[in-house]
Amino acid sequence: MSSTEVKALQDLRSGSLFAIIATVLLSIAIVFVFVSLPIISSSLTSPYSLSASIGSLAGAIILEIIALVFTILSILRLRSGFRGLEAIGKDVGGVTGTTLWIIGVILSIIGIGGIIVIVGLILIGLAIRRVGQIYNVGNIRNGGILIAIGSIIPFVAFIGFILTYMGLGKLLNTMGPGGQPTSGPSQGPTPTQ
């Protein structure tokens, strides 16, 4: 493997990590919102409840903004990884998925774009699945399938990104500095006597 290929796989791995972080932050923000709902309903009777609900909502908004930043970082890293694989002749088709995902995220901020996000994540999941097939790594292949399914069921995509992250880590650990396997038989021709 070339250093370009190793860099592409590293970008896919860091993109998966950023997607995991974004999902965790968004989940915490959702918990903050649900915790603040009972406080909001009781805020009419207590000024303390009003300030607590405002604090919870402010925390949720801050976490959502940070999650958005990590989502954008994830998309950019995944895109870079897919482009890197494309440059060495292993076009798995993920660039279109990342384009749709970023457009969908931007449009979702103004209330539309959910369908574009879903299509983008399906394409990204299928591309990651193809990466798993090319390198014969089950975690990457299964992670891609779960990401595609998770475009409808978000927690499933979270598990898919975790599997992808772990699978890419395993794949990268089997390579040396130049992208060559660190152990095992020589890849070159064997001499005959």
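Predicted model: local features only at pLDDT ≥ 70, side-chain atom pairs only at ≥ 80, totals over all residues.
The largest nonpolar core contains 30 residues. Leu9, Leu12, Phe82, Trp101, Val131 and Phe161 have the most contacts inside it. Two or more residues each come from α1, α2 (47–87), α3 (94–109), α4, α5 and α6. Helix α4 gives the largest share, seven residues. Leu12 illustrates the packing. Leaving aside residues up to four places away in sequence, Leu12 touches Arg77, Leu78, Gly81, Phe82, Leu85, Val131 and Leu168. A second core is separate and has five residues, among them Leu25, Ala29, Ala60 and Ala67. In soluble globular proteins, nonpolar side chains tend to be buried together.

Ile28 lies in helix α1 (residues 3–42). Its relative accessible area is 36%, so Ile28 is partly exposed.

Helix α6 covers residues 154–173. Its 20 residues should span 28 Å at 1.5 Å a residue, and the end C-alpha atoms are 29 Å apart, which agrees. Buried positions in α6 are Val156, Ala157, Phe158, Gly160, Phe161, Leu163, Thr164, Gly167, Leu168, Gly169, Leu171 and Leu172. Of these, Phe161 is listed with the residues that have the most contacts inside the largest core, and Leu168 is touched by Leu12.

Asn136 sits in the loop between α4 (114–135) and α5 (138–149). Its phi is positive, about 55°, although Asn136 is not a glycine. Most residues other than glycine have a negative phi. Asn136 counts as exposed because its relative accessibility is 63%, where exposed means over 50%.

Terms used. Residues numbered from 1 in each chain as written. Heavy atoms only, no water. Helix = DSSP H or I, 4+ residues; strand = E, 2+ residues; numbered from the N terminus. Buried < 20%, exposed > 50% of the residue type's maximum accessible area, 1.4 Å probe, protein only. Expected span 1.5 Å × (residues − 1). Core = buried A, V, L, I, M, F, W, Y, C linked by side-chain atoms within 4.5 Å. Contact = heavy atoms within 4.5 Å.
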